[in-house]
Amino acid sequence: MQSFNFKMPTEIIFGRHAEDQVAEKLREYGASRVFIVYGGGSVVKSGLLSRIECQLTSNGLAFQVLGGVQPNPRVALVREGIREALAFKANFILAVGGGSVIDSAKAIAHGTANPGIDVWDFWSGRAKLEKTMMFGSVLTIAAAGSETSDSSVLTNEDTMRKVGLSSPLNRPALAFMNPELTFTVPKKQLVCGIADILMHTLERYFTCDKEENAFTDRVAESLIKTVMETSKTAVENQEDYDAMSEIMWCGSVSHSDLTGLGRHKDFSVHKLGHELSARFDATHGASLSALWGSWAKYIYKDNPARFAKFAQRIFGITDGTDEERAELGIEMMVTYFKNLGVPTSLPELLGAHLSDSELYSLASLATAKDTKRLGTFHPLTRKDAFAIYKLANKE
Ligand code: NZQ
Ligand code: ZN
């Protein structure tokens with residue numbers, strides 16, 4: 001096992017009526033002026049936002065609200081949020097929504113705490129994030145894991161770049177998680193969310209590290225199996241509280257780092273997927289399922305034993321050579337994605353094949369014109385990224 005630092009400071013309030021504790025908890029954390037961020041309106045329609053507003057008012061907490069965060073959240077709205085939060089003198093940023101809203105809230109917290117710096121500079125690497133403001137979330141969809149993760153992903157609409165920022169300061173103080181709030185998530189978002197949850201563990205599981213990492217492997221395998229077993233029930237009956245609870249909790253654990261501690265992470269499929277979201281506004285989870293099979297087929301020969309272990313532990317495949325088991329395991333994972341109802345190729349994701357020059361341009365952007373390698377399993381060059389996109393374009 002490799003050395004690691006792990007600090008997951010987020011207090012999680014999980015279960016029915018979790019959101020009823022928002023005001024009480026925020027006061028406990030010293031909040032008095034709360035800047036609320038939400039998305040395209042689902043929390044207005046469900047009445048969640050007004051319930052939270054009433055709670056804050058009756059507990060003597062001042063608040064101001066900013067809506068309009070869109071999936072693949074844009075930095076322009078974040079900048080507007082920073083201006084408003086500064087003018088309001090906010091001391092707590094509360095996201096009410098999914099990963100896009102939480103990522104925007106994280107960015108608003110960072111920008112408000114650092115008013116002299118353009119917030120995008122933290123994402124582009126021009127500035128180093130050294131302080132932030134307290135923030136938390138009321139989660140309404142199980143997917144990105146931003147409610148516990150150390151990451152925040154933004155799109156800069158001027159440059160068409162979608163970039164993640166990793167920092168311990170991205171870990172929220174609080175997450176309110178009531179699985180009932182996810183009952184209204186549109187089916188497409190539900191299945192894309194499930195794909196994303198699985199991908200956060202798959203991107204950590206496939207490694208070329210030589211060291212054994214038995215406990216972390218078992219945590220990862222347990223999460224993958226739980227999500228795969230429960231997703232059928234969740235998709236068939238989205239109001240199944242127990243199934244949605246499992247999915248929601250797995251979503252938070254999957255991207256908290258627990259499923260990959262002590263080994264190198266890969267995350268190259270995420271980087272390739274972000275290019276598709278930046279260019280085509282593709283839904284995040286779908287961009288990943290569309291590429292994973294092609295990535296796996298392209299790189300598995302670097303360590304077929306690792307893929308064979310996955311095939312055995314997840315799908316019970318014991319017969320054949322490492323390579324045969326690896327290939328069957330990849331096929332079975334792709335079949336799982338197909339049955340879940342998420343795309344497993346670029347034409348399924350985008351509704352059309354892409355030209356070679358489009359694929360090359362995506363590969364070039366992902367690898368910063370071949371100056372950056374993606375991932376650790378098989379650090380991808382531009383040529384590799386192009387080959388993977390091309391493979392996904394055929395299926
Ligand atoms: O905007 P509203 O109206 O709220 O509707 C949203 C949105 O249209 C809807 N929705 C969410 N909860 C709902 C609901 N509709 C009805 N009822 C509810 N209870 O779902 C749609 C998608 O929302 P979004 O927040 O975009 O979903 P998700 O949680 O999948 O977040 C995706 C974003 O997170 C980033 C992705 O790249 C993408 O930009 N990620 C963030 C990560 C992180 N910070 O750690 C890691 C991930 O790998 C990912 O990159
Ligand atoms: Zn993801």
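Tutor: Ser-167 sits in the loop between strand S7 (161–166) and strand S8, where helices (H or I, at least four residues) and strands (E, at least two) are DSSP runs numbered from the N terminus. This is a predicted model, in which local features need pLDDT of at least 70 and side-chain atom pairs count only at pLDDT 80 or more, while totals for chains, interfaces and linings use all residues. Residues are numbered from 1 along each chain as its sequence is written, chains are lettered from A and ligands numbered from 1 in the order in which they are written, and side-chain values use heavy atoms, with hydrogens and water left out.

Ser-167 counts as buried because its relative accessibility is 7%; buried means under 20% relative accessible area, exposed over 50%, and partly exposed in between (1.4 Å probe, protein chains only). Not counting residues up to four places away in sequence, Ser-167 touches Leu-129 and Asp-150, contact being heavy atoms within 4.5 Å. Asp-150 is 17 residues from Ser-167 in sequence, yet their C-alpha atoms are 5.4 Å apart. The side chain of Ser-167 also reaches the backbone nitrogen of Leu-169, at 2.9 Å.

In H9 (residues 241–254), 11 of the 14 residues are buried, including Tyr-241, Met-244, Ile-247 and Val-253. Asp-240 caps the N-terminal end of H9, with a side-chain oxygen 3.1 Å from the backbone nitrogen of Asp-242.

At the level of the whole chain, the division is into domain 1 (11–181) and domain 2 (185–394), with bounds that come from an automatic or database domain assignment. The C-alpha centres of the two domains lie 27 Å apart, and 27 residues of domain 1 are in contact with 26 residues of domain 2. Between them about 2200 Å² is buried, 57% of it from carbon and sulfur atoms; buried area is the accessible area (1.4 Å probe) that two parts lose on being put together, summed over both.

The largest nonpolar core has 100 residues, and Ile-93 and Trp-292 are among those with the most contacts inside it. Such a core is a set of buried Ala, Val, Leu, Ile, Met, Phe, Trp, Tyr and Cys residues joined through side-chain atoms within 4.5 Å. Its largest share, 10 residues, comes from H7, and each domain supplies at least three residues.

Key. Polar contact = N/O pair within 3.5 Å; in protein donor to acceptor, adjacent residues only side chain to side chain.
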